[in-house]
Amino acid sequence: MALAVEVISLLLGMGMVASSLSYMTAPASTSPWLMPLLVGAGIAVISLVLLASELVGRRTAMAAPDDIPADGTDFSQSTLPTVLTWIALSSGYAVTTPLLGFEATTFVFLVIALKLFGRTSWRVILLSAAGVSLVLPLIFRHLFYTLVP
Amino acid sequence: MNNVLDMIVSTAEAIPVALAPGNFLFGLLGLVFGVIWGALPALSSTMAMALLVGFSAGLDINAAIIFLLGAYSGSVFGGSISAVCLNIPGKPNSACTAMEGYPLFKRGEGGAALGTAIFSSSMGNIFGAVMLVIFTPFVLSIAISVGAWELFLLGMMGVLVSGSISSAPPLKGWLSGLIGLAISMVGIDAISGQPRYTAGISDLYGGINFVAVLIGLFGFAEIARGLLFEKDHPSGMLNRVSVNWRELKKNIGNFFNSSVIGTIIGIVPAAGADIAAFVSYTVSRRLAKPEDKALYGKGSYRGIIAAETSDNASIGGDLLPSLILAIPGSTVAAAFMGALNLQGIVVGPTIQMSHPGLIETVFASLLIVSSLLGFVGFLLAKPLVRLLSVPRRVLLPCIMPVCVMGAFAAQNSVFDIYVMTISGLAGMALVAGGFPLAPVCLGLILGPIVDINFRRALVIYKDQPITDMLFRPVGLILIASILLIMIGALIGQRRKEALGIAD
């Protein structure tokens, strides 16, 4: 995953530099494209250095796993199906909430999420799902005076 | 000196505002929420603040301030409950408390360890708040003379320090910081009015909402990590929660040292409670008598007092650069700045002129929540130990709806829910790649300060030699500090690699 992030950030940096150069017509001091140019160049250079060291490291340390990050969180190896399921479920929930309403979507999301990940009884699943989807909007509407999606 | 006295008097005058029934109740609510949130492993202080910022938008400004400060103080302390009872630091700043508190818990002194931690946290919070009141007039007088060039350097320092002090290699930290700066460039440029990277999407003209990104990074992504990769730990029984007065009396010097260290580290941009706790713990160990030193790692009250005093004292220090220079001391302070922003308040050197009385309200609110922290801590300690037995696989999915609601509530914008989701997915990718998230957040909030002040400085020094800008005394000190921090981080990384120490 480190490699993928570095490639994407390299492309992002190069894209920022290219777009800044093409738009930069005013003097540098007043141009809104000066800072994006510098930041983009910084992103591209650091990504390139990281990418190079990653590729060199791969070649030299043959057995070294490349993707296990500093904090030991490995979203990409043996747990891939679980990770992808969570991503699909949580993203789907966030995207459909504004379309179908908070209460109903939250209830369905929690029932599925607690069944798949919670490994708990139906009683706990239904009580938690109903409690969160009904009580949360009440609290936030009346205590914090916020709207609910 | 007169300025300090004036500040003390005006802070005292603001105390009735913080004590007004509505505000006081919100402060208490924030504290309760913060302590509960802080105690639950896998839920960070930044996550708490990120979620609450959106909700605070609907509150009156004074209620929002005391509510968020309560949540901030409570969540910094709360981690010590799981640290003592489960040996799991709820937050990184509680790691030292876990090292010393859990052995005491196993010996049947968990209640005394936790009570001492609660008292030390509360006292540390009060010390930090008092230091904030005393030092603000000095910093304000200096801040007025700080120019655009120095503000640009301070902003860059915040981003780069944050990248340097994370557990990841410094290059990854700096890249994260620059990505944050890049995200902040989206939207209409404040100086020229030209849109940048908006792709014609009208929702992006106002820029990417900081709160939504923060919730994505520290809510969505952290929930995924906690749910998928962290294990539950069974909690034990806690005896009566009480303060070990004998140890506290022995450690008055240690308390004072740790409070000062915590406040100073809080002031340094990007260095917050975590570093404060570790540094104070190390200093207290180094200064301990041989018989006290022998207890470290086996259950030392001295270590608990140092870590807990210092991390809470850092809150006051943390707020100083955030309010006066608009340079957040940590991601949590950045979220607090975001909350003030939602209320239409722009923090910075002119805050006393643009919003007279506001910083006094902040100080008074911090003093009130600091005084209440001890009571709330003692009240909630035992019930919370029971709450710790709720499995995180049940708890964490239930927080996802709060993320969606928090992202929406900041601006009542559906678009922000999508921003939160995309940020969360990007945060998961960054975490999986070993990139720290805190620098992204600091880059995002410091981006406008860095961008605008850099260009202002170039305009100011347009007709002068570049050396006039580069050799300004404060600027030179900042450039030297930035270079030292960056070189130090690279040397530290090399040394770690040479010794074969994992990141």
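**Ground rules**

I number residues from 1 along each chain as its sequence is written, and chains are lettered from A and ligands numbered from 1 in the order in which they are written. Since the model is predicted, local features need a pLDDT of at least 70 and side-chain atom pairs count only at pLDDT 80 or more, while totals for chains, interfaces and linings use all residues.

**Confidence first**

I looked up pLDDT, the predictor's confidence in each residue, from 0 to 100. Chain A has a mean of 83, and 83% of its residues reach 70 or more. I then went through its elements, where helices (H or I, at least four residues) and strands (E, at least two) are DSSP runs numbered from the N terminus. A contact here means two residues whose C-beta atoms, placed from the backbone, lie within 7 Å.

For chain B I wrote down an average pLDDT of 85, with 95% of the residues scoring at least 70. Confidence in chain B is lowest in helix H3 (residues 45–56), at a mean of 80, and highest in helix H8 (residues 170–184), at 94. For the complex, the predictor gives an ipTM of 0.87 and a pTM of 0.81.

**Chain B as a whole**

I counted up the secondary structure of chain B: 22 helices and two strands. Its radius of gyration, taken over C-alpha atoms, is 22 Å, close to the 23 Å that the globule rule gives for 503 residues, so chain B is as compact as a globular protein of that length. (The rule is 2.2 Å times the number of residues to the power 0.38.) Along the principal axes, the C-alpha atoms of chain B fill a box of roughly 70 × 60 × 50 Å.

How much of chain B is buried? Buried residues make up 62% of its 503 residues. My cut-offs: a residue is buried if 20 or more other C-beta atoms, placed from the backbone, lie within 10 Å of its own, exposed if 12 or fewer, and partly exposed in between. I also checked the contacts in chain B with a separation of 6 or more, and 80% of them join residues 24 or more positions apart.

I followed up B:Ile215. Leaving out residues up to four places away in sequence, B:Ile215 touches B:Ala50, B:Leu51, B:Phe220, B:Cys403, B:Gly406, B:Ala407 and B:Met420.

**Where A meets B**

I found 59 residues of chain A in contact with 58 residues of chain B. Helices H1 (2–23), H2 (34–60), H3 (80–100), H4 (102–118) and H5 (122–142) of chain A each give two or more residues to the A side. The largest share, 11 residues, comes from H3(A). By class, the A side has 39 nonpolar, 17 polar and three charged residues. (Ala, Val, Leu, Ile, Met, Phe, Trp, Tyr, Cys and Pro count as nonpolar, Asp, Glu, Lys and Arg as charged, and the others, Gly among them, as polar.)

**A few single residues**

A:Leu10 is in helix H1 of chain A, and it counts as partly exposed because it has 19 C-beta neighbours inside 10 Å. Leaving out residues up to four places away, A:Leu10 touches A:Ala44, A:Ser47, A:Leu48 and A:Leu51.

B:Gly111 sits in helix H6 (residues 110–145) of chain B and is buried, with 22 C-beta neighbours inside 10 Å.

A:Arg119 is in the loop between H4 and H5 of chain A, and it counts as exposed because it has 10 C-beta neighbours inside 10 Å.

B:Tyr197 has a positive phi too, about 50°. I found B:Tyr197 in the loop between strand E2 (195–196) and helix H9 (210–229) of chain B.
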